[in-house]
Amino acid sequence: MAKLTFLGAAGCVTGSKYLVEAAGKQLLVDCGIFQGSQELQDRNYKPLPVDPKTIDYLVLTHAHLDHTGWLPVLAKSGYRGAIFANPATIELTTILLKDSAHLQQEDTLHARIHKDSRHANPEPLYTSEDVDPTLKLIKTMPRSGSFDISPEFRVTSYDAGHILGSSSLELTITEGGKKTVVVFSGDIGRYDQAILKDPATPPSTADVLICESTYGDREHPEGDPAELLAQIVNRVAKRGGSIVIPSFAIGRTQTFMYYLRQLEDQQRIPRLPVYVDSPMALSATDLYVKHKEDHDLEFTREEGSDGKGDPLNVHEFHLTRSVEESKAINDVKKPCIIISASGMISGGRVLHHLVQRLPDARNAVILAGFQAEGTRGRALQEGAKSLKIYGQDVPVGAEIVEMGQFSAHAGKSELLRWLTALPAPPRQTYLTHGEPAAAQALQAAITEKFRWKAAVARYMDSVPVGE
Ligand SMILES: [Zn+2]
């Protein structure tokens, strides 16, 4: 009988990896890196319970690193099968993995110089040289519709509205003449957001549903994101401060650029210099413009019928590529906006921007994404008075602003809306990609609202998926 093992994103929001074993074959859905607490990060260095050489196929729901960032380790450990993804996901994954290797090398170098690692000789999980052999394994599958990975596995993709290329996947397993359907929600996006289409629920009668629960216990705040952003920008600019937005270069960066550009054009905010401090931000933004198949109608209209509109470009845009250019931003004393990774402040260049800007009460830090347990982002969210960065205590003087309106994840009622659209109750539902309180709250809501059998997935547990 087919079985499914939760190799990640069970009891936490990162490290998504689901192993499906059926008809003597093994398929991995997603291959994400663990982020957050030290205990979670340590899992990235442990081998899988299954030999990567014996895994036959891999399919990706979307490009975020917590779904793709472990691929180079898998390839280094002997995985030689195909990695299937749609065109936008392939292009985003390519730049994300290159950037991830680059940032890990930068961070390792920094840790060695400042001797602030727990390890005597810190090593990156992988380097740029490991990325190319990984990318060679990637094969294209269609953005929508059905695709046969093998005689045993067929996947059908539905737009999940979370980031460019993001999908929910319906996996049909054929074993001994019988078919079993497993639906993977992937990360579910927001309804009525800027740029991307709304999430679509697969019209499948699922035997088993694997559903994310990132915001299973929370709603996003109400309120017009553009108006809120205008208020913050004006408030901070008036007091001569700067804004730091910890964010990865993909997804949220484009959303911020979209709203900032709109507000500039409507003269609701001053035209401040916007520094996007990531070597890959421009390529990511180009991909957002290029992949029109994912655009919602409003974005298509703003681009204009000639495609010459430029809704993702602010007026004073600066892109920094090198470390030197990044450090030079420290000399900018007039009001500016700095968008820099990582989004949860667990590493990356945002660290040195915060060392510089966090103590000053004129500045603001906007937290827009999910902040996992154990990260500096979560500490800021919970009102920390100082943050430990590069081994020193950096006092928090800046205004900390949470803007859940910019989240790329469905809130609780949006998850329930997505579930409501399923045509029939799954025989079993497992809740993944959520911290324990979030997963349990969604489990309770599903039991109450739909009376379905739902369980919270447990790390390394295997469950049967056939009858
Ligand atoms: Zn994601």
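The questions below cover the metal site, a few strands, the aromatic pairs and the cysteines of a predicted model.

Student: Which residues coordinate the zinc ion?

Tutor: The donor atoms lie at 2.2 to 2.4 Å from the metal. Along the sequence the donor residues are spaced H-x1-H-x97-H-x24-D.

Student: What is the geometry of the site of the zinc ion, given its 4 donor atoms?

Tutor: The angles among the 4 donor atoms run from 88 to 166°. The site is classed as irregular.

Student: Which strands pair with E2?

Tutor: On one pairing, 4 bridges join E2 to residues 3-6 in the antiparallel sense, with Phe 6 opposite Tyr 18. On another, 5 antiparallel bridges join E2 to residues 25-29, with Leu 19 opposite Leu 28. The partners are E1 and E3.

Student: Which residue in the hairpin of E2 and E3 takes a positive phi?

Tutor: The hairpin has 2 residues between the strands. A positive phi near 50° is found there at Ala 23.

Student: How many aromatic pairs are there, and what kind is the pair of Phe 34 and Tyr 459?

Tutor: The count comes to 12 aromatic pairs. For Phe 34 and Tyr 459 the ring centres are 6.0 Å apart and the planes meet at 85°. Planes over 60 degrees apart count as edge-to-face, so this pair is edge-to-face.

Student: How many residues apart in sequence are the parts tied together by Phe 34 and Tyr 459?

Tutor: Phe 34 lies in the loop between E3 and helix H1, while Tyr 459 lies in the loop between strands E21 and E22. Phe 34 is buried at 4%, and Tyr 459 is partly exposed at 28%. The parts that the pair ties together are 425 residues apart.

Student: What kind of pair do Phe 256 and Phe 406 form?

Tutor: Phe 256 is in helix H7 and Phe 406 is in the loop between strand E19 and helix H13, 150 residues apart. Both residues are buried. Their ring centres are 4.4 Å apart with the planes at 10°, so the pair is stacked.

Student: Which charged residue sits over the ring of Phe 34?

Tutor: The charged end in question is 5.0 Å from the centre of the Phe 34 ring. A charge counts as over a ring only within 6 Å of the centre and within 35 degrees of the ring normal. The residue is Arg 43.

Student: How many disulfides are there?

Tutor: A disulfide needs two cysteine sulfur atoms within 2.5 Å. For Cys 12 the nearest cysteine sulfur, that of Cys 31, is 14 Å away. The sulfur of Cys 211 is 16 Å from the closest one, in Cys 12, which is too far for a bond. Over the whole structure the number of disulfides is 0.

Terms used: Residues numbered from 1 in each chain as written. Predicted model: local features only at pLDDT ≥ 70, side-chain atom pairs only at ≥ 80, totals over all residues. Heavy atoms only, no water. Donors = N, O, S within 2.8 Å, 3.2 Å for Na, K, Ca; no water. Tetrahedral: all angles 85-135°; square planar, octahedral: opposite > 155°, others 65-115°. Pairing = 2+ DSSP bridges. Phe/Tyr/Trp six-rings, centres within 6.5 Å; stacked < 30°, edge-to-face > 60°. Buried < 20%, exposed > 50% of the residue type's maximum accessible area, 1.4 Å probe, protein only.
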